[in-house]
Amino acid sequence: MTTISYTKKHPELTPLTLWIMTIATGLIVANLYYNQPLLEDIARTFHTSRAKAGQVSMLTQLGYAAGMFFLAPLADMLKRKRMMMVIFVFIVLSLLLTALAQSINLLIFASFLLGASSMIPQLLVPMAAHLAKPEERGEKIGIIMGGLLIGILLSRTFSGVISSYFGWRAVFFIAAGIMLVIWLLIGLFLPEVEPDHKDGYKQLMTSLIDLIIQEPKLRLAALRGALCFACFSAFWSTLAFLLKQNFNEGSDVVGLFGIIGAFGAVAAVLMGRLSDKMDAYKLSGITLLLILLSFIIFYFSAHRISGLVIGVIIMDMGVQATHISNQSVIFALRPEARNRINTIYMVTYFLGGSAGTFVATQLWKNYQWNGVCAIGVILSAVTLFIHFINQPKVPSSRVRAKQ
């Protein structure tokens, strides 16, 4: 009887389902990052400053955080597949509005809507954690996160190349077509997952506060993730400016750096397997050191492409591996509240990312690349400090963190 009940609540995570979720995650999250290599072109189109164009990227990330905060918790009380199918309508409409925007302010507004509606990956990742066997959870999350990370990085390659041949608006028209295909695949092949939360939306949102108060591991992971993503966003949102200023290169070269960063992301996927076997605290300490090291390399590489290449691989490996380690920890806390736990973590994560974008683009005006590297070193050092002062005191607590 117990086995039958478990099967109804947990459809099988088949290889086909896993790969569709992985591909969908990568292609949907790419919507958030298409604009980063295009900021120089966007500023030129609307005859505006680089700082103003940087708001396009910042508002996309803020929109993503807003979408996660208000929509993702609903997956604990609504059927998840049905919910995703509705949200896809708004993704396609937002992409079309972005492509057709005739002013910088309308583009910023459309980018916010695009970010808010492109939160579906934050339904798919907890769904994979829900469907996976406990002893394989880290590995399965790692696979889907690999798709997400490669989507983030190769989105810049895609948008940079397409923009260089057809203009930046073509990127978003093509993306709308891609979303229609993914919409069809999810509708045909994803299983439906029944909700566990029986109370209303108000109680659902109120429970977020309870989770923050009651789960110290969630608080630490969210803060650690936000600071790491601030570093990541500070670099990627200003790389186009550096390449234009110091190397006279355009969006296509920025996009090629996405391919380079993908090597770091692929290496980070292996951390998903390690997170099932290795102490999460030690693993995060190592990956955080990689981020600090990368910004030291960036500082000495303002005029060296080879140094930037090495730094990108190291930074992306550190940021993404930390992210996977964090998620392995938080998804083991409360199975019945995984979407809400993921909401708290990812909203904090992307608030950190938008703050990193804002600070870096503002620092660029007065300090250029040195200012960007300084904020990266400071934030990564602060993250390491917070991580080390929260070292588990008792060995048994480390065992529980792995479970």
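S284 is located in helix 13 (residues 280-299), where helices (H or I, at least four residues) and strands (E, at least two) are DSSP runs numbered from the N terminus. The model is predicted, and local features need pLDDT of at least 70, side-chain atom pairs count only at pLDDT 80 or more, and totals for chains, interfaces and linings use all residues. Residues are numbered from 1 along each chain as its sequence is written, and side-chain values use heavy atoms, with hydrogens and water left out.

S284 has 0% relative accessibility and therefore counts as buried (buried means under 20% relative accessible area, exposed over 50%, and partly exposed in between, with a 1.4 Å probe and protein chains only). The side chains of S284 and S325 are joined by a polar contact of 3.1 Å. A polar contact is a pair of N or O atoms within 3.5 Å; within protein, one must be able to donate a hydrogen and the other to accept it, and residues adjacent in sequence count only if both atoms are side-chain atoms. With residues up to four places away in sequence not counted, S284 touches R224, S325, N326 and H387, contact being defined as heavy atoms within 4.5 Å.

R224, one of the residues touched by S284, is placed in helix 11. R224 is buried because its relative accessible area is 7%. Its contacts, not counting residues up to four places away in sequence, are S284, L288, T322, N326, T383 and H387. R224 and G352 are separated by 128 residues in sequence, while their C-alpha atoms are 9.6 Å apart in space.

The side chains of N342 and Q327 form a polar contact of 3.5 Å. Leaving aside residues up to four places away in sequence, N342 touches Q122, P126, Q327 and F331. Of these, Q122 and P126 are among the buried residues of helix 7. In helix 7 (residues 121-131), 11 of the 11 residues are buried, so this helix is largely enclosed by the rest of the structure.

Aromatic pairs were assigned to rings of Phe, Tyr and Trp (its six-membered ring) with centres within 6.5 Å; planes under 30 degrees apart count as stacked, over 60 as edge-to-face and the rest as tilted. By this rule the count is 21 aromatic pairs. In the pair F241 and W364, the ring centres are 5.8 Å apart and the planes stand at 50 degrees, so the pair is tilted. Because F241 lies in helix 11 and W364 in helix 15, this pair ties together parts that are 123 residues apart in sequence. F241 and W364 are both buried. The rings of Y299 and F300 have centres 5.1 Å apart and planes at 85 degrees, so that pair is edge-to-face. Y299 is partly exposed, with a relative accessible area of 44%, whereas F300 is exposed, with a relative accessible area of 55%. Ring pairs also link a cluster made up of Y64, F229, F232, F235, W236, F295, F298, Y345, Y349, F350 and W369.

Grid points are joined across faces, edges and corners, and a volume is the space filled by probe spheres set on the points. The search of the whole structure gives 1 cavity of 30 Å³ or more. The volume of the largest cavity is about 60 Å³. This cavity is lined by 13 residues, of which L148, I152, H323, Y349 and F350 are the closest to its centre. Y349 and F350 also belong to the ring-pair cluster. At least two residues of the lining come from each of helix 8 (137-166), helix 11 (216-247), helix 14 (305-330) and helix 15 (338-389). The lining comprises 10 nonpolar, 3 polar and no charged residues, where Ala, Val, Leu, Ile, Met, Phe, Trp, Tyr, Cys and Pro count as nonpolar, Asp, Glu, Lys and Arg as charged, and the others, Gly among them, as polar.

The second largest pocket holds about 260 Å³ of space. Of its 16 lining residues, T22, G26, G147, I150 and G151 are the closest to the centre. Helix 2 (15-29) and helix 8 each supply at least two residues of this lining, and helix 8 gives the most, with 8 residues. The lining of the second largest pocket divides into 10 nonpolar, 6 polar and no charged residues.

Technical notes. 1 Å grid on protein atoms, 1.4 Å probe; cavity = no way out; pocket = protein on both sides within 12 Å on 5 of 7 lines; lining within 4 Å.
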